[in-house]
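Please look at the sequence and the model together, and keep both in view while you read the paragraphs below.

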Amino acid sequence: MLKSGCRIEDLAHATAERLRRAIAINLVIAWRIMLMTLLGREDAGLPAEVLFSDVELRTLHAYAKKND
């Protein structure tokens, strides 16, 4: 996910400040993916509201509609 979804390899020639910001964002993304994986293993029927805020859910729904 981080390699393809976040395009980690594209950061190879970035500035130090850009790398710092990208690492911070990607750490949060990686942590959330790990949390979703672990919780999903315990309860596959877990509602999305447990993991995502209302704004995040609306954004995901809009993105999904756009890509249909």
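By about how much of the helix are Arg20 and Glu17 separated in helix 1? Being three residues apart there, Arg20 and Glu17 are separated by about one helical turn. This is a predicted model, in which local features need pLDDT of at least 70 and side-chain atom pairs count only at pLDDT 80 or more, while totals for chains, interfaces and linings use all residues. Residues are numbered from 1 along each chain as its sequence is written, and side-chain values use heavy atoms, with hydrogens and water left out.

The chain has two helices and zero strands, where helices (H or I, at least four residues) and strands (E, at least two) are DSSP runs, numbered from the N terminus. The side chains of Arg20 and Glu17 meet in a salt bridge at 3.2 Å, N to O, a salt bridge being a side-chain nitrogen of Lys or Arg within 4 Å of a carboxyl oxygen of Asp or Glu. Glu17 also forms a salt bridge with Arg21, their closest N and O atoms being 3.7 Å apart.

A further salt bridge joins the side chains of Glu56 and Arg32, at 2.6 Å from N to O. Because Glu56 lies in helix 2 and Arg32 in helix 1, this pair ties together parts that are 24 residues apart in sequence.

Turning to cover, 7% of the 68 residues of the chain count as buried, which is to say under 20% relative accessible area, whereas exposed is over 50% and partly exposed lies in between (1.4 Å probe, protein chains only). Arg20 counts as exposed at 52% relative accessibility, while Glu17, at 41%, counts as partly exposed.
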